[in-house]
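Please open the model in your viewer and keep the sequence panel beside it, so that selections can be made by residue number.

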Amino acid sequence: MVAGEEVHNITCSHCGTEYAIIADRRDVESWLSGERYIQDALHYLTAGERELFISRTCDDCWKILFDGVE
């Protein structure tokens with residue numbers, strides 16, 4: 001890992017699967033503080049990984065919950 005990178009263990013609140021996401025601590029802090037939008041601060045993560053940070057919902061559960069919703 002590069003300096004500043006941390007492993008963020010996030011458990012999906014729906015299925016209980018635990019994910020280990022590597023993200024820079026400063027980027028996470030800039031999002032949490034409201035300084036930057038998550039898609040800008042953590043642009044190098046997938047949309048599914050960012051959603052885990054936001055709602056604690058994994059991509060698989062998101063698809064089940066919102067299938068067909070546009």
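Helices (H or I, at least four residues) and strands (E, at least two) are taken here as DSSP runs, numbered from the N terminus. This is a predicted model, in which local features need pLDDT of at least 70 and side-chain atom pairs count only at pLDDT 80 or more, while totals for chains, interfaces and linings use all residues. Residues are numbered from 1 along each chain as its sequence is written, and side-chain values use heavy atoms, with hydrogens and water left out.

The C-alpha trace spans about 40 × 25 × 20 Å along its principal axes. Of the 70 residues, 31% are buried, where buried means under 20% relative accessible area, exposed over 50%, and partly exposed in between (1.4 Å probe, protein chains only).

Next, select I21, A23, L42, L45 and F53, which touch the most other members of the largest nonpolar core, a set of 14 residues. Such a core consists of buried Ala, Val, Leu, Ile, Met, Phe, Trp, Tyr and Cys residues joined through side-chain atoms within 4.5 Å. At least two residues of this core come from each of strand 2 (18-24), helix 1 (25-32), helix 2 and helix 3 (47-55).

Which residues does L42 touch, when those up to four places away in sequence are not counted? Center the view on L42 and you will find A23, D27, V28, R50 and F53, a contact being heavy atoms within 4.5 Å.

From there, move to Q39, which lies in helix 2 (residues 38-41) and counts as partly exposed because its relative accessibility is 44%.

Now show the cysteine side chains. A search of the whole structure finds zero disulfides, a disulfide being a pair of cysteine sulfur atoms within 2.5 Å. For C12, the nearest cysteine sulfur is that of C15, 3.7 Å away, and this is too far for a bond. C12 counts as buried because its relative accessibility is 3%, whereas C15 is partly exposed at 41%.

Finish with V7, in strand 1 (residues 5-11), which is partly exposed because its relative accessible area is 42%.
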